[in-house]
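Please examine the sequence and the three-dimensional structure shown here. The report then takes up selected features in turn.

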Amino acid sequence: MQAHGGTLFLDEIGDLPLDIQVKLLRFLENGEIRPVGADKPSRADVRLICATHHPLHQLVAEGKFRRDLYFRIASVTITIPSLRSRAKDIEMLAKKFAAELNRTLAPRALLRLKAHTWPGNVRELRHAIERASGLAGPFTPMLSEESFEFLLTSENLMQNPRLELGASILTLHEMEKAVILRALRLTEGNRAQAAKILGIARSTLFEKIKTHKILGPRGRFAQGELFEDA
């Protein structure tokens with residue numbers, strides 16, 4: 001009843017049990033709810049907004065989500081790209097989360113955060129900032145790159161499907177090329193920033209780019225012109 005006349009936001013609606021889905025559908029159809037302990041139903045008029053990380057159409061096909069409920073809530077659908085595909089948003093969000101904890105982020109820390117794949121999206125980013133802040137202690141106002149060492153694992157690289165070749169394991173040569181390409185795409189072709197992400201000198205990166213023949217069609221390194229040789 002508190003949402004009457006306003007907006008009701010249901011997060012992770014894809015996780016609702018089937019019996020609760022039935023009750024939600026009934027409410028959407030007639031606007032009636034029965035509060036706990038009440039002897040008669042009440043009416044509520046709300047605008048419903050739902051969010052989920054599950055593909056609801058797939059859950060419907062699997063019988064895990066009611067088809068009739070899906071069509072009731074999917075009249076307007078907005079697909080939000082994953083955080084890993086919005087590298088520019090990572091810096092904005094990271095600074096916001098750090099400011100909430102009275103912290104700032106060193107430039108190299110921001111580069112390291114932008115290089116992470118973030119399979120857990122915004123929640124994982126917030127958790128990473130909170131964890132780094134807790135590990136740094138109360139007398140460290142600026143979080144350095146070293147504050148996020150827990151992100152620097154080989155497992156992070158393997159979460160990127162571009163690093164896989166069928167069911168086989170990439171060679172070191174292929175792995176190096178894939179990592180360089182990812183760094184260049186994250187920095188929109190900026191070799192200086194890419195070198196910082198990779199932890200190598202810019203001259204070293206340039207030599208590796210030539211070794212792997214990572215060139216655009218006009219011999220430049222701008223975003224959109226990077227390609228992988230077969």
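## Confidence of the model

The structure is a predicted model. The protein chain has an average pLDDT of 81, and 84% of the residues score at least 70. Among the elements of the chain, strand 5 (residues 104-105) has the highest mean pLDDT, at 95, whereas helix 7 (residues 154-158) has the lowest, at 44.

## The largest pocket

Rolling a probe the size of a water molecule over the atoms shows where empty space is left. In this model, the largest pocket holds about 1,300 Å³ of space. Its lining comprises 33 residues, and those nearest the centre of the pocket are Cys50, Ala51, Thr52, His53 and Ile78.

Which elements give two or more residues to the lining of the largest pocket? They are strand 1 (7-11), strand 4 (47-51), helix 2 (56-61), helix 3 (67-73) and helix 6 (121-136). Strand 4 contributes the most, with 4 residues. Sorted by class, the lining of the pocket has 18 nonpolar, 10 polar and 5 charged residues.

## Packing of helices 9 and 10

Two packed helices are described by the angle between their axes and the distance between the axes. For helix 9 (residues 191-198) and helix 10 (residues 202-212), the angle is about 100° and the axes lie 9 Å apart. Helix 9 is therefore roughly perpendicular to helix 10, because angles of 65 to 115 degrees count as roughly perpendicular.

Definitions and conventions:
Residues numbered from 1 in each chain as written. Predicted model: local features only at pLDDT ≥ 70, side-chain atom pairs only at ≥ 80, totals over all residues. Heavy atoms only, no water. Axes fitted to C-alpha atoms, helices over the stretch in contact; angles between N-to-C directions. Parallel < 35°, antiparallel > 145°, perpendicular 65-115°, else oblique. 1 Å grid on protein atoms, 1.4 Å probe; cavity = no way out; pocket = protein on both sides within 12 Å on 5 of 7 lines; lining within 4 Å. Points joined across faces, edges and corners; volume = space filled by probe spheres on them. Nonpolar A, V, L, I, M, F, W, Y, C, P; charged D, E, K, R; others polar. pLDDT = per-residue confidence, 0-100.
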